[in-house]
Amino acid sequence: MPLPATGIFAALDMKTNRLMWQQRWKDNCYSGSATTAGGLVFVGRNDGRLTALNSSNGQRLWEFPTGAGVNAPVSVFEYEGQQYIAAYSGGSLFAGARAVTAYSFFLSKER
């Protein structure tokens, strides 16, 4: 009997090597993550969600449905003084719906 697939997404304090927080997901974690200097962690999910988390406590701050697995790490970049993220939603052979779409979002300084 196959074991159920689960994933654990966790944050470690690199100075102390201690676990800061973790989340257990119902699906495997295929995507990498990217963290901004402002304390946002962006991570894609197999079901197509692109999620922003608070880096200090793991609280979900924002989520966007892309329609296909976000199985590659988000890119963070700055253009003309504005910070952006770019995400590729394409799914994979092993997880999530398959389609090809690229998304970009700008990060607002307002809270």
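Predicted model: local features only at pLDDT ≥ 70, side-chain atom pairs only at ≥ 80, totals over all residues.
Biologist: Where does M14 sit?

Modeller: M14 lies in the loop between β1 (7-13) and β2 (18-25).

Biologist: Is M14 buried or exposed?

Modeller: M14 has a relative accessible area of 71%. It counts as exposed because that value is over 50%.

Biologist: What does L50 touch, leaving out residues up to four places away in sequence?

Modeller: Its contacts include V70, V74, I85, A87 and F105, and also W62, E63 and F64.

Biologist: And β4, how many of its residues are buried?

Modeller: Four of the five residues of β4 (residues 40-44) are buried, so the strand is largely enclosed by the rest of the structure.

Biologist: How many bridges join β4 to β5, and in which sense do they run?

Modeller: There are five bridges, and the two strands run antiparallel. F42 stands opposite A52 in β5. The two strands form a hairpin with four residues between them, and G48 in the turn has a positive phi of about 100°.

Biologist: What about β3 and β4?

Modeller: Strand β3 (residues 33-35) pairs with β4 in the antiparallel sense over three bridges, and T35 stands opposite V41 in β4. They also form a hairpin with four residues between them, where G39 in the turn has a positive phi of about 90°.

Methods
Residues numbered from 1 in each chain as written. Heavy atoms only, no water. Buried < 20%, exposed > 50% of the residue type's maximum accessible area, 1.4 Å probe, protein only. Contact = heavy atoms within 4.5 Å. Pairing = 2+ DSSP bridges.
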